[in-house]
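Welcome, and please open your viewer for a short walk through this model. Each stop tells you what to select next and what is there.

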Amino acid sequence: MTDELLNVQGLETQFNTPEGIVHAVNGVDFTLKEGETLGVVGESGCGKSVTMLSILRLIQQPPGKIVAGQAMFRGKDLLKMSNEEIRHVRGGQISMVFQDPMTSLNPVMTIGKQLAEPLMLHLGLTKEQARDRSIELLEQVGIPRAADRLKDYPHQYSGGMRQRVMIAMALSCAPQILIADEPTTALDVTIQAQIVELVIRLREEVGMAIIWITHDLGVVASVAHRVNVMYGGFIIEDSLIDDLYRNPLHPYTIGLLGSLPQIQSEGRKRLYSIDGMPPMLYKKPHSCPFAPRCKWVVEKCRLVNPPLIEIEEGHRAACWVNTKDGSVRDV
Amino acid sequence: MSNHEETLIRVEDLKVHFPIYRGVIRRQVGSVKAVDGVSFQVKKGETLGLVGESGCGKTTTGRAIVQLYKPTAGHVYFRDIDLVSLKEEPMRLMRKEIQMIFQDPYASLNPRMTVRDIIAEPLLAFGMATGKELDTRVKELMRLVRLDPDFIYRFPHEFSGGQRQRIGIARALALNPAFIVCDEPISALDVSIQAQIINLFEDLQKELNLTYLFIAHDLSMVRHISDRVAVMYLGIIVELADRNEIYNNPLHPYTQALLSAIPVPDPEHYRRRSRIVLEGDVPSPANPPSGCRFRTRCPKADEECEKGRPEFREILPGHFVECFKAEVPSPLKEVTFEENSILK
């Protein structure tokens, strides 16, 4: 596979907390192809953000610790790079947009300064060049009167505009990968639609690959080519976008899709709900982490954790049970 | 849920303005018109959904109904009693009937109180139970919201978000209220937990014959739980209709844009339809646009819209809209959601 941009294998990350070790990511394998948009879906605490932060080594160590795995980016392991090298990758080749645009912008620095910083650092532009490029970038993300607004501070921007600035900043050095961590969660629906539209447009213009982390199966349906569903620190399903919605294989994905009300439906069906709650990860799960909430559960699920296996072409799931007929897989 | 013609709550031209003070002598220089003249009714046994984006005044409306904010003008009638004119003590007694559930289950429960104390507080405040009886009632309420009564002496931090919301619901139910204002009760919860809480709301409504004002920004959830839906924008209700009517046949341009912006969990959907993406942000409620409030972002706006505020008119039976441009689609036919979004 030549067009593979990022290949992550066996990633494990833990946090040492006063209550014990939290096993946040427990062996995650995935690949990202050039130009592809990968959606990573899961509920809070499933390990989706920690996975991406680990790859960029943005986990605070301690208490965090990347205990195993590799993340190959253009022939080099991000997890083994020197601090100097990884700093060049961050913001330069792989950049990130965070959920909360208020806390991720520096409140005492003007927007112009914050935008110019990576340009001068990674691309070696002069102050004037950086300023001109900043204006271009702000225009590109649809901020009106861009030149005037460089002097403004983050609090003078609305939530949606701040997120546009974050995106401008992330794209400023023409990265190959953009990691967007719940970029629209804090925004209203009409603003969310604006941001999604913007990212789709920029993806076509710039051609970068995107990892879009979200808990919203609706947003993912509008942007992603492929989706990884995470639960309990594992990827439990990996599928092309259409397959996932039309033919979910893992009981958790089936439950998650069933628990969403259908906006088009006239009638009032009771929502399908998954009983119980996501696991606390104080122990590394050696059985299927979803077993306590699963209605297809069989003895095997409580003994051995199912690996992520290809069940249909290009569609992987980590489940012992064939949810279509209830039979147990042996693999 | 059919036979509910009896009106429980009637809101008439409700306004809540918050003063803005400036300077050393704290002179009032203006006001934030958070709610600027809304009227609607809630019938007994129904769920009225109130949707809108942040800052549109939906929470303020909810709080003003419960009299947590003193309305600047207007009336809130509960069984024909005007709550706005009530003195403190009669209003306090009225709160037995009208309760509220808050958005953030982390902030709305006192971390130093046990679940028992939290749920018992309203019972004690109204002298409805004491001693053994109190514990029995608290356990009964915990069972009602599907919480294990053995957890009665635990503290809020020992519970998950969904369980905490159940505690908040139990507290609201303690006094057997008739009407509950649910202010974004599921927005802070995970997807798989949201469905659990929504199902609980529906079960409780049937069991206890409750009436809800359900405030939310999640339009698909609102459609699911509501009988009728009101859409707010910048302090006013722009459209109000039956749940299916408003989703199938939105007549206000804002409702149309809002509906088309909903993320739908179906990739097919995005290939079929084009979205109406609104430009810009919501204007400041301290200085709302003259005339129609939506005109600065409205794709259909012209000079007429600057002239004055449109009347909140009943364009079809039970379907209210505040827009000069809204027209009954003719010939009158069933327009599906997808068709409507493309129509623009």
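**First stop: a covered strand**

Start with strand β7 of chain A, residues 177–181: it is mostly covered, with 5 of its 5 residues buried. Keep in mind as you go that this is a predicted model. Show the side chains, and you will find A:I177, A:I179 and A:D181 pointing one way from β7(A), while A:L178 and A:A180 point the other way. Residues on both sides are buried.

**Second stop: the partners of β7(A)**

Look for A:W212 in β8(A), opposite A:A180. To follow the chain from β7(A) to β8(A), trace helix α7 of chain A, residues 189–206; this β-α-β crossover is right-handed.

Select A:I211 and its surroundings. Leaving aside neighbours within four places in sequence, A:I211 is in contact with A:L32, A:L38, A:V40, A:M52, A:I177 and A:I179. The largest nonpolar core has 190 residues, and A:I211 is one of those with the most contacts inside it, along with A:I236, B:A170, B:L213, B:F214 and B:V231. Helix α6 of chain A, residues 159–171, gives this core its largest share, 8 residues.

**Fourth stop: where the chains touch**

Colour the two chains separately. Their contact takes 37 residues from chain A and 35 residues from chain B. On the chain A side, α7, α8 (217–223), α9 (241–246) and α10 (251–258) each supply at least two residues. Which helix gives the largest share of that side? It is α7(A), with 6 residues. The chain A side divides into 16 nonpolar, 13 polar and 8 charged residues.

**Last stop: backbone details**

Zoom in on the loop between α1 (48–55) and β4 (64–73) of chain A, where A:P62 lies. The peptide bond from A:Q61 to A:P62 is cis, with omega near -20°. A:P62 and A:P63 are joined by a cis peptide bond too, with omega about 10°.

Then select A:E182, in the loop between β7 and α7 of chain A. Its phi is near 50°, a positive value in a residue other than glycine. Is A:E182 buried or partly exposed? A:E182 is partly exposed, because 19 other C-beta atoms lie within 10 Å, and a residue needs 20 or more to count as buried.

Finish in chain B with B:E184, in the loop between β7 (179–183) and α6 (191–208). B:E184 is not a glycine, yet its phi is positive, about 45°.

How values were computed
Residues numbered from 1 in each chain as written. Chains lettered and ligands numbered in written order. Predicted model: local features only at pLDDT ≥ 70, side-chain atom pairs only at ≥ 80, totals over all residues. Core = buried A, V, L, I, M, F, W, Y, C linked by C-beta atoms within 7 Å. Buried ≥ 20, exposed ≤ 12 C-beta atoms within 10 Å, placed from the backbone. Helix = DSSP H or I, 4+ residues; strand = E, 2+ residues; numbered from the N terminus. Contact = placed C-beta atoms within 7 Å. Pairing = 2+ DSSP bridges. Right-handed = clockwise from strand over helix to strand, strands pointing away. Nonpolar A, V, L, I, M, F, W, Y, C, P; charged D, E, K, R; others polar.
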